[in-house]
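This report describes how two chains of a model meet. The sequence and structure come first, and the description follows.

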There are 4 protein chains.
Amino acid sequence: MSDRATAPVPPRLQEWEQRTEVPLFVAGLVFLVGYAFRVLAPPDTGAVRDLALALVCATWLAFVVDYGVRFRLSGLGRRFVRAHWLDTVVLLLPLLRPLRLVQVYTAVQKRREQPRLSLYARVMSYASLTAVLLGVSAALAVYHQEHDAPGASIRTFGDSVWWACATLTTVGYGDAVPVTFGGRVVAVGLMACGLALLGAVTGSFSSWLVQVFRREDE
Amino acid sequence: MSDRATAPVPPRLQEWEQRTEVPLFVAGLVFLVGYAFRVLAPPDTGAVRDLALALVCATWLAFVVDYGVRFRLSGLGRRFVRAHWLDTVVLLLPLLRPLRLVQVYTAVQKRREQPRLSLYARVMSYASLTAVLLGVSAALAVYHQEHDAPGASIRTFGDSVWWACATLTTVGYGDAVPVTFGGRVVAVGLMACGLALLGAVTGSFSSWLVQVFRREDE
Amino acid sequence: MSDRATAPVPPRLQEWEQRTEVPLFVAGLVFLVGYAFRVLAPPDTGAVRDLALALVCATWLAFVVDYGVRFRLSGLGRRFVRAHWLDTVVLLLPLLRPLRLVQVYTAVQKRREQPRLSLYARVMSYASLTAVLLGVSAALAVYHQEHDAPGASIRTFGDSVWWACATLTTVGYGDAVPVTFGGRVVAVGLMACGLALLGAVTGSFSSWLVQVFRREDE
Amino acid sequence: MSDRATAPVPPRLQEWEQRTEVPLFVAGLVFLVGYAFRVLAPPDTGAVRDLALALVCATWLAFVVDYGVRFRLSGLGRRFVRAHWLDTVVLLLPLLRPLRLVQVYTAVQKRREQPRLSLYARVMSYASLTAVLLGVSAALAVYHQEHDAPGASIRTFGDSVWWACATLTTVGYGDAVPVTFGGRVVAVGLMACGLALLGAVTGSFSSWLVQVFRREDE
């Protein structure tokens, strides 16, 4: 959706994208689960943590391979990097990888010919899903950075999730706040992305409600 | 409003819904009052608290019966659960039950043929009412969870209402914040629902103001 | 603007309203200045404080007389209270009296035939002015309630203005927060009114910016 | 964009504006860099700080000269101050000077005939850029005011940037808050300007997302 192909998509690339859809969806899920295990497993469970790390690296490799193949097949050369900037960013910032799940969810929704959700409902579900995935990723990353930092107020994963919710909704109580440099960088990213998404949810909800009431009038 | 019946409503269901409107409105009110008494009554007033608990359970039973009858009369079978998902959620999450009051308020507004409020005014009043009811329910629930938790900053019901206001408006001072797991779950729910509603109020107010000024120009 | 006269305005009422416009504008200003002196004057300046109190009461009286005369002249009887609910509220809640300034400002703007501000600019200036006046009134009232309360974090008028700004913009740092019942009631009012107004400013600014860019395209 | 010339622009003024565009862009950048060095350089690097101060003053002079020349060439007399109020404000409030960068960025964007960004994307990029520049300026100014104030919670430039992000997004944790008068004045300015800009970003993003989904439907 964010990728505007300036040239028509070559048939082989199209075929590749359809074939890799399910594996990449699974890879995105595996990445999130693996990262969660890596971060949340107790320190004495060495084997589990190593397995989780391996899974995380494997999914990274899968995304690299997919990116390389699509780069080749597209025949766009360097312009591919710009035309598919979202994929490029996702490749470099692994924490954004779960966004892949949203992309696939949207693609699947489009194909199903069931009684479709209204325009606003789709924007809301799309934005909410992205917000939740970003929130979970950010909570994991912030917990990873903060839980053993001196003077930290985010000590458990529960604190981290609580912090992520308060940040995404811009409530910002300030009872749990990142204090390390890494944690704050993730937090600023969450604020920037999350706010835009929440704005989309709020705006669509408002439009939808007005639509519902208007329809009742007629 | 949130329930889109895919099939036409059977006449007996329609009759049932009209007949139960007032009783369910009363049941919603009684639930809120009963829950408030249960939570706020001093611990030594055993009789009052027991009565309040009985009232809460009775209204729950009333909602279960209503749900069962409508499930039967609709003739939709399992699809009823999905088509009337709001009712299902309200059944399982008693704290959302006061939303019933809003549903009835809207239905009554629709029937009265008085000079009607403008579209935006109705969206605003609907969303504000829902926000207030959710806020009161959340304040009660958070007070219930927090007031005797160790290290809590919400100690009185006044603190809880103050916290709910600061949360619903996304101000989030952080001087009164839930610290228990239960309290935080309720808080996240309030943030999610409340923000959407406040977004609707804000958006409608903005549209209404522009409309008023535009009308003056003409 | 908020008063929708359901009947045509009688000529004598219209004349009264035109004649009292300037005096009521002055009265609104005097009320704000008097209240500010009353609250901010050091305790040993008894004469100044008494004079300020007299001014506040005098303006209140002026508003009562104006309300009474308009009640009579309108010939609406009890319906006047509902049709002019904003005036009724302003009469009972003196802190909202500065809103009169906004009403007059809007009326004057309407009469001047100068190159008029665009629709969005007018909504923005109207909402900003109201927000500023409400913020100043709330800062005065909260300072009045809080500055000598035990455990208060709002100790100077500067703190109070700082708190009002953080509240109106929903930033809500929480470093200065009302702790008394009275202060919190004013704060909730400021949140509710202020947010709606800020929503109007934000929404109009967004619409205006889109309009500017669209015009450049053409 | 904010300057509405009521009269047609004289040709000599137009020529001047085109010639000074690049120098003023550079001057704006130099001001920001010079101010940053002035504020952030360690106290023992006297030479660097003096150079930075000289740069800041030199760019101020450049803006004064530019303002004077345009005042003359416009032939508007005193009306110039009102018609070009944004330039006047920028002249008096040096911290807003980086906004010049945005003005030039917009002008350059307009001239390039490349496949243009969509309307919403341009509003978003314009508002984001302004927000980032205002945020950086405010972070510098607040750090300048606060870092050696007694009882300050903003002690490093990192804290100041963190505070600016939390303020611009209205999250407002309150862990880092200005306590001096100067710092709070800058903060209120950042809240007021920043919120409007963020509102524009949010509103445009919401509109853009709805547009994208609508296009997919067709």
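## A salt bridge between the chains

Arg184(A) and Asp175(D) form a salt bridge, with 3.9 Å between their closest N and O atoms. The rule (a side-chain nitrogen of Lys or Arg within 4 Å of a carboxyl oxygen of Asp or Glu) finds 2 salt bridges across the interface of chain A and chain D.

## Basis of the values

The model is predicted: local features need pLDDT of at least 70, side-chain atom pairs count only at pLDDT 80 or more, and totals for chains, interfaces and linings use all residues. Residues are numbered from 1 along each chain as its sequence is written, chains are lettered from A in the order in which they are written, and side-chain values use heavy atoms, leaving out hydrogens and water.

## Extent of the interface

Chain A contributes 30 residues to the contact and chain D 22 residues, where contact means heavy atoms within 4.5 Å. About 2400 Å² is buried between the two chains, 67% of it from carbon and sulfur atoms; this is the accessible area (1.4 Å probe) lost by two parts on being put together, summed over both.

## Symmetry

Chain A is superposed on chain D by a rotation of 90 degrees with 0.0 Å of shift along its axis, at an RMSD of 0.1 Å. The copies use different surfaces, as 13% of the contact residues of chain A recur in chain D.

Methods
Least-squares fit on C-alpha atoms with pLDDT ≥ 70 in both.
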